[in-house]
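Welcome! Let's get to know this structure together, one question at a time.

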Amino acid sequence: MDVHSLGATAVPEPVYDWLKDPASLTRRVTDACDGEFRVRVRYQGWGKALNSENRLLSLRLRATCLIREVELLCNGEPQVFARTLMPVKSLRGAARRLSHLRSKPLGKVLFADPHTRRVQLQIARFLPQHKSFHAAVAHLDETPEELWGRRTLFLYAGKPILVNEVFLPTLVNRVPGPHRIR
């Protein structure tokens, strides 16, 4: 659903504050973390996008993307699960460096470039039957009933990059969100 749709009113208030924030999520989590912030790369490799990701990126059905799945950690606890898709055609020129991030936060790179544009933002509620739900909770001790997240299509160096961010209970329940911007 679009972040401005009527369905967005069903989002719990603490989660909505994080979903709606237009700033760098990496920066917000880093600022809110009272200890060590770091990125843990869970997977990086070539693969196929989900159907909904293909549609948003305007890709052919079997197009190959560099897929990067990470957790943003505060004091070793996962706060956010992120899945980034970088189509092969997007990894040319200046954007090629995105394929060599290792444990560097993608948000630092995207938001450091004044030409980066946020093209579209969607929010989603994830339930246990969703594939993304299982990827996000794989390393959690307790499985929540639902998760909320956002999907952002960026243009970086003029190339589309899709960032899916799933907000984990540790972020929503323990770390104060940004100021409300409704």
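Two strands count as paired if DSSP finds at least two bridges between them. Keep in mind as we go that this is a predicted model.

Q: What pLDDT does the chain average?
A: This is a predicted model, and pLDDT is the predictor's confidence in each residue, from 0 to 100. In this chain, 90% of the residues score at least 70. Residues 1–6 are a stretch to read with care, as pLDDT stays under 50 there. The chain's average pLDDT is 86.

Q: Which residue in E2 stands opposite Trp-46?
A: Strand E1 covers residues 37–48, and strand E2 covers residues 64–74. The two run antiparallel and are joined by 11 bridges. Within E2, the residue opposite Trp-46 is Leu-66.

Q: How many residues of strand E2 are buried?
A: A residue is called buried when its relative accessible area is under 20%. Strand E2 has 11 residues and is mostly covered. The number of buried residues in E2 is 10.

Q: Which residue in E3 is the bridge partner of Ile-67?
A: E2 is joined to E3 by 10 bridges, and these strands run antiparallel. They form a hairpin with two residues between the strands, where Asn-75 takes a positive phi near 50°. In E3, Ile-67 has as its bridge partner Leu-85.

Q: Which residue in E6 is the bridge partner of Phe-81?
A: Strand E6 spans residues 159–167 and is mostly covered, with eight of its nine residues buried. E3 and E6 run antiparallel and are joined by six bridges. The bridge partner of Phe-81 in E6 is Val-166.

Q: Which residue in the turn of the E5 and E6 hairpin has a positive phi?
A: Strand E5, residues 147–156, runs antiparallel to E6, with nine bridges joining them. One of the pairs here puts Trp-148 together with Phe-167 in E6. The hairpin leaves two residues between the strands, and the one in the turn with a positive phi, about 55°, is Ala-157.

Q: Which element supplies the largest share of the lining of the second largest pocket?
A: This pocket holds about 200 Å³ of space. Its lining includes Trp-148, Phe-167, Pro-169, Val-172 and Asn-173. Both E5 and helix H6 (169–174) supply at least two residues each. The largest share, three residues, comes from H6.

Q: Is Thr-116 buried or exposed?
A: Thr-116 is found in the loop between helix H4 (106–112) and strand E4 (117–126). Beyond residues up to four places away in sequence, Thr-116 touches Leu-110, Phe-154, Leu-155 and Tyr-156. Since its relative accessibility is 17%, and the cut-off is under 20%, Thr-116 counts as buried.

Q: Which residue's backbone oxygen lies 2.7 Å from a polar atom of the side chain of Thr-116?
A: A polar contact here is a pair of N or O atoms within 3.5 Å, and 2.7 Å is the distance for this pair. The backbone oxygen belongs to Leu-110.

Methods
Residues are numbered from 1 along each chain as its sequence is written. This is a predicted model: local features need pLDDT of at least 70, side-chain atom pairs count only at pLDDT 80 or more; totals for chains, interfaces and linings use all residues. Side-chain values use heavy atoms; hydrogens and water are left out. Buried means under 20% relative accessible area, exposed over 50%, partly exposed in between (1.4 Å probe, protein chains only). Helices (H or I, at least four residues) and strands (E, at least two) are DSSP runs, numbered from the N terminus. Contact means heavy atoms within 4.5 Å. On a 1 Å grid over the protein atoms alone, a cavity is a set of points where a 1.4 Å probe fits but cannot get out, and a pocket is an open set with protein on both sides within 12 Å along at least five of seven lines; lining residues have an atom within 4 Å of a point. Grid points are joined across faces, edges and corners, and a volume is the space filled by probe spheres set on the points. A polar contact is a pair of N or O atoms within 3.5 Å; within protein, one must be able to donate a hydrogen and the other to accept it, and residues adjacent in sequence count only if both atoms are side-chain atoms.
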